[in-house]
Amino acid sequence: HDLERAVFLDPKLYEAQRLLGELYLAEAPADPKMAAKAAGKFNYAADLALEDIASLRAAAYATSAQAKWEPALDLWKKLVRLRPWDLDARFQLGQALWQLGNARQAEKQLEEVTAKKPDYLPARRVLVLIHASRSDTPKLVRELEAIAIRAPDDLEVKGDLATAYGALGKWKQAIAALEQIAQKRPNDLALLVRIGDAHRKTGDLDGAIGWYQRAGKLAPESSLPGFAMAQAYYDAGKLADASRIY
């Protein structure tokens, strides 16, 4: 109430405008309209004080949260110009560039972040999206490996890494990544069959059959492991075994 009186009496009091925005934002979980109201206050405060870091940062975050990427980009650019050492601001700038389709400039900003702070995983995750969009598999593998080292419990990253290894023909590395996932998800039928398929790519028929059999025991009602096993025998020229399974 006091802040609203203050900005009524002096609309150009930017500190009060920003603080009022923070209060509105605190009420946003209960009232979604308050988030937009807060963003308006933050942006007004930033317009009133062009070099006030707190107002500028608040406006940039609020605008990004609303997925208004073009105005968010301008705000993050201003913040990076004022604080070129601010890695979080540079990451947000890179993310805004990526959202607007400027992959080249986004990659440049994000790589500056990871060069200074290798453990900054949000930047690496956006770089993964950039490399995947370009089908740049070697760079994609590099970033996924960096994330996997720093987030060993992230099974989705391991799965993506296995796919990327497969695209490069690095099936042994793909198998290692998939088997690490299987340790945590032993009841994932599709995963067990996928590991069998990866063994087939290396010419390891016995290894493939072992994983298919494991999948068959897990889900005896499913025909997937049986078909995969029969195809593996067929591809290996063991037609009698393939025929028996079929």
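**Helix packing and salt bridges in a predicted model**

Helix α6 passes helix α7 in a left-handed crossing, a term for a near helix turned anticlockwise from the far one by less than a right angle, clockwise being right-handed. The structure is a predicted model, in which local features need pLDDT of at least 70 and side-chain atom pairs count only at pLDDT 80 or more, while totals for chains, interfaces and linings use all residues. Residues are numbered from 1 along each chain as its sequence is written, and side-chain values use heavy atoms, with hydrogens and water left out.

Two packed helices are described by the angle between their axes and the distance between the axes. For α6 and α7 the angle is about 155 degrees and the axes are 8 Å apart; here axes are lines fitted to C-alpha atoms, for helices over the stretch in contact, and angles run from 0 to 180 degrees between N-to-C directions. The helices themselves are DSSP runs (H or I, at least four residues), numbered from the N terminus. This geometry makes α6 roughly antiparallel to α7, the class for angles over 145 degrees. By class, the contact of α6 with α7 has 9 nonpolar, 4 polar and 3 charged residues, where Ala, Val, Leu, Ile, Met, Phe, Trp, Tyr, Cys and Pro count as nonpolar, Asp, Glu, Lys and Arg as charged, and the others, Gly among them, as polar.

Arg90 is buried at 10% relative accessible area, whereas Glu112, at 35%, is partly exposed (buried is under 20%, exposed over 50%, partly exposed in between, with a 1.4 Å probe and protein chains only).

By this rule the count comes to 16 salt bridges. One of them joins the side chains of Arg142 and Glu111 at 3.4 Å, N to O. This pair links helix α9 (residues 137-150), which holds Arg142, to Glu111 in α7, 31 residues apart. Arg142 is partly exposed at 41%, as is Glu111 at 28%. Another bridge brings the closest N and O atoms of Arg125 and Asp154 to 3.1 Å. Arg125 belongs to helix α8 (residues 121-133) and Asp154 to the loop between α9 and α10 (155-167), 29 residues apart. Through shared partners, salt bridges join Glu111, Arg124, Arg142 and Glu143 into one network.

A further helix pair is formed by α2 (residues 14-26) and α3 (residues 33-48), whose axes come within 8 Å and cross at roughly 160 degrees. The two helices are therefore roughly antiparallel to each other. The contact includes Tyr14, Leu20 and Tyr24 of α2 and Met34, Phe42 and Leu48 of α3. By class, this contact has 10 nonpolar, 2 polar and 4 charged residues.

Backbone torsions in the loops complete the account. Most residues other than glycine have a negative phi, and most peptide bonds are trans. Ala67, however, has a positive phi near 60 degrees, and lies in the loop between α4 (53-65) and α5 (69-82). Ser135, in the loop between α8 and α9, has a positive phi near 55 degrees. Ala67 is partly exposed at 45%, and Ser135 is exposed at 61%.

Definitions and conventions
Parallel < 35°, antiparallel > 145°, perpendicular 65-115°, else oblique. Contact = heavy atoms within 4.5 Å. Salt bridge = Lys/Arg side-chain N within 4 Å of Asp/Glu carboxyl O.
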